[in-house]
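Subject: Structure handover

Hello,

Here is the structure I promised to pass on. My notes on what turned up follow below it.

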Amino acid sequence: LGPVELKIFLCLRSPAPTLASIVQLFAARAGQQPYAEPAGAAAYYRARLTTLAQFAQRLPGRYVYFDAELWQRAPETLLAWLARWLGLATPLSAEYQLFPLTGKPGAGDSSPRISSGRIDCTARRVAEGFLPADLLAEAEEAYASCRACLIRHAAQVCLGD
């Protein structure tokens with residue numbers, strides 16, 4: 001076998017729904033979970049953003065970037081863009097196959113939304129006041145900084161505009 005060409009795509013999801021998802025995911029697990037509280041989830045989120053920004057700086061031009069909200073806001077646009085970038089002969093579909101572990105706790109996304117077999121375009125609402133204002137502001141600042149870094153170093157960008 002010859003060398004394999006890797007295709008890397010990165011996307012970021014805005015802080016409020018991401019933090020709500022992290023807290024919900026870890027709160028459902030047994031025992032003390034540091035990410036089941038907003039402060040722990042926010043620290044985890046900021047650390048992940050730092051790692052992504054470091055990756056982007058080490059490998060400029062080796063990945064493409066899109067805003068994760070495009071999955072809900074404009075899935076057809078995003079899927080067509082990804083198919084072109086990947087050089088696929090067959091278009092990508094908003095429907096996907098379910099596997100035995102789809103939606104199961106401990107195997108990735110365990111929310112009921114993932115089990116539909118189709119991209120769910122409804123926006124997830126985050127309860128007002130769920131996050132303390134200072135934690136949300138710190139997370140939004142880290143998100144904006146990381147997003148700018150990822151866009152700056154990406155080979156291609158899809159923002160759905």
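In what follows, two residues are in contact when they have heavy atoms within 4.5 Å of each other. Please keep in mind that this is a predicted model.

Let me begin with Thr18, which sits in helix 1 (residues 15–27). Once its neighbours within four places in sequence are set aside, Thr18 has contacts with Arg13 and Tyr45. Its relative accessibility is 10%, so Thr18 counts as buried, the cut-off for buried being under 20%.

Next comes helix 4. Its twelve residues should span 16 Å at 1.5 Å a residue, and this agrees with the model because the end C-alpha atoms are 16 Å apart. Which residues of helix 4 are buried? They are Pro75, Leu78, Leu79, Trp81, Leu82, Ala83 and Trp85. The cover over these buried residues includes strand 1 (8–12), strand 2 (63–67), helix 3 (70–73) and strand 3 (156–158).

The stretch that follows is worth a look on your screen too. Leu88 belongs to the loop between helix 4 (75–86) and helix 5 (133–153). With a relative accessible area of 40%, Leu88 is partly exposed. Together with Leu86 and Leu92, Leu88 makes a nonpolar surface patch of about 210 Å².

Technical notes:
Residues are numbered from 1 along each chain as its sequence is written. This is a predicted model: local features need pLDDT of at least 70, side-chain atom pairs count only at pLDDT 80 or more; totals for chains, interfaces and linings use all residues. Side-chain values use heavy atoms; hydrogens and water are left out. Helices (H or I, at least four residues) and strands (E, at least two) are DSSP runs, numbered from the N terminus. Buried means under 20% relative accessible area, exposed over 50%, partly exposed in between (1.4 Å probe, protein chains only). Patches are made of residues with over 30% relative accessible area and no salt bridge: like charges are joined within 9 Å, nonpolar side chains (Val, Leu, Ile, Met, Phe, Trp, Tyr) within 5 Å. Accessible areas come from the Shrake-Rupley method with a 1.4 Å probe; for residues, only the protein chains shown count as cover. A salt bridge is a side-chain nitrogen of Lys or Arg within 4 Å of a carboxyl oxygen of Asp or Glu. The expected span of a helix is 1.5 Å times one less than its number of residues.
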